[in-house]
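Subject: Structure handover

Hello,

Here is the structure for you to look over. Please open it next to this email as you read.

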Amino acid sequence: MARTTAPATGTPDGQLGLDLLDPGFGATALHRVTPARLDTWDACPRRYRMLHVDRPAPPRGGGFAHTTIGAVVHLALRSLAALPAERRTPEQAASLVDRHWTGEGFADDAQAARYRERARDWLAAAVDGPAGRDEPLAVERWVRAPAGPLLVEGRVDRIDARDGEAVVVDFKTGRRVPTAADAADSRQLALYAVATAAVFRRPCRTVELHHVPTGTVAAHTHDQASLDRHVAAAAESADAAAGATTALADGGDAAALFPARTGAHCGTCAVRRNCAPGRAAVPEPRPWDLLAP
Ligand code: SF4
């Protein structure tokens, strides 16, 4: 696999995105967070409210073909890791795509078949990379551990063991090839590294983005200062989201507390059908429009 690096810088859960554990603890209580939900808050507070605060939750839009491929590839990679090493052949890997395939979001059977073949090729090639070659510490592992004022939890795609350390791996299948800067800037990966170190009781500072279509690995090795910065930023978002949620429960104005933040992301937003500003900002793509050409 090609590899890029940069120098070091820097649920299955409850009903709300951020639960304050044991409020009786006051200032010492921990915000229970998933990085994905914090990212949702930062991207658009209104989306956060509709997905994680409003109950009953509003109906969501249908699936997109590019996310279907991502889900299928993740499942196939999980199945690949579960095979004994001698059975991780290109043919076997490709067949795992067939096992998990679904045609949701594609224009028609012909288009689905084309992309299915493409995903089979990716899996066949992956057997020569870390996903086929190395024995992971864990695959799709739910981790949960304190990180500063947070209790971080989430599912890590893969955790590898290298030189006595744990390495957090996230698989990507999108059009854009991630860079080392993406790995460094990913709050999700940094929080997972902190939680993984605690769960596996070994150092975990390296995070990697594996782009399955190209076999590229974008890696970054954090130092304590960069991990602390990510935790501090996450705590800030968690405080803001929890504060807005509490204020809403106390009768606050939903539109003011959870403002709509429109942008390109409104096109694929799961709750755009319930959001007039988002629908006005960006035309709705067809379910297959974000497939790589
Ligand atoms: S459509 Fe856009 S503005 Fe509306 S909730 Fe979704 S991301 Fe926010």
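First, the ground rules. This is a predicted model, in which local features need pLDDT of at least 70, side-chain atom pairs count only at pLDDT 80 or more, and totals for chains, interfaces and linings use all residues. Residues are numbered from 1 along each chain as its sequence is written, and side-chain values use heavy atoms, with hydrogens and water left out.

**Cavities**

A cavity here is a set of points, on a 1 Å grid over the protein atoms alone, where a 1.4 Å probe fits but cannot get out; lining residues have an atom within 4 Å of a point. Volume is the space filled by probe spheres set on the points, with grid points joined across faces, edges and corners. Helices (H or I, at least four residues) and strands (E, at least two) are DSSP runs, numbered from the N terminus.

The largest cavity holds about 60 Å³ of space. Its lining is made up of C44, R46, R47, M50, H265, C266, C269, V271, R272, C275 and G278. Helix 2 (residues 45–53) gives the most to this lining, with 3 residues. By class, the lining has 6 nonpolar, 2 polar and 3 charged residues. For these classes, Ala, Val, Leu, Ile, Met, Phe, Trp, Tyr, Cys and Pro count as nonpolar, Asp, Glu, Lys and Arg as charged, and the others, Gly among them, as polar.

The second largest cavity has about 50 Å³ of space. H74, L77, R78, V139, E140, D157, R158 and F171 line it. Two or more residues each come from helix 3 (65–82), strand 4 (138–147) and strand 5 (150–162). Helix 3 gives the most, with 3 residues.

**Helix 5**

Helix 5 (residues 109–126) has 18 residues. From first C-alpha to last it reaches 25 Å, close to the 26 Å expected at 1.5 Å a residue; the expected span is 1.5 Å times one less than the number of residues.

Which residues of helix 5 are buried? They are Q111, A112, Y115, A119, W122, L123 and A126. Buried means under 20% relative accessible area, exposed over 50%, and partly exposed in between (1.4 Å probe, protein chains only). Seen down the axis of helix 5, the buried residues fall within an arc of 110°, so they line one face of the helix. The arc is that of the directions from the helix axis to the C-beta atoms. The face turned away from the buried side carries the exposed residues D109, A110, R114 and A125. The buried residues of helix 5 pack against helix 3, helix 4 (90–100) and helix 6 (130–133), with contact meaning heavy atoms within 4.5 Å.

**Backbone details**

Most residues other than glycine have a negative phi, and most peptide bonds are trans.

- The peptide bond from R55 to P56 is cis, with omega near 0°. P56 lies in the loop between helix 2 and helix 3.
- E140, in strand 4, has a positive phi, near 45°. E140 counts as buried, at 17% relative accessibility.
- R201 has a positive phi of about 55°. R201 sits in the loop between helix 8 (187–200) and strand 7 (206–211) and is exposed, at 76%.

**One more residue**

A57 also lies in the loop between helix 2 and helix 3. A57 counts as partly exposed, at 42% relative accessibility. A57 and V271 are 214 residues apart in sequence and 9.6 Å apart in space, C-alpha to C-alpha. V271 is one of the residues that line the largest cavity.

Best wishes

Conventions: 1 Å grid on protein atoms, 1.4 Å probe; cavity = no way out; pocket = protein on both sides within 12 Å on 5 of 7 lines; lining within 4 Å.
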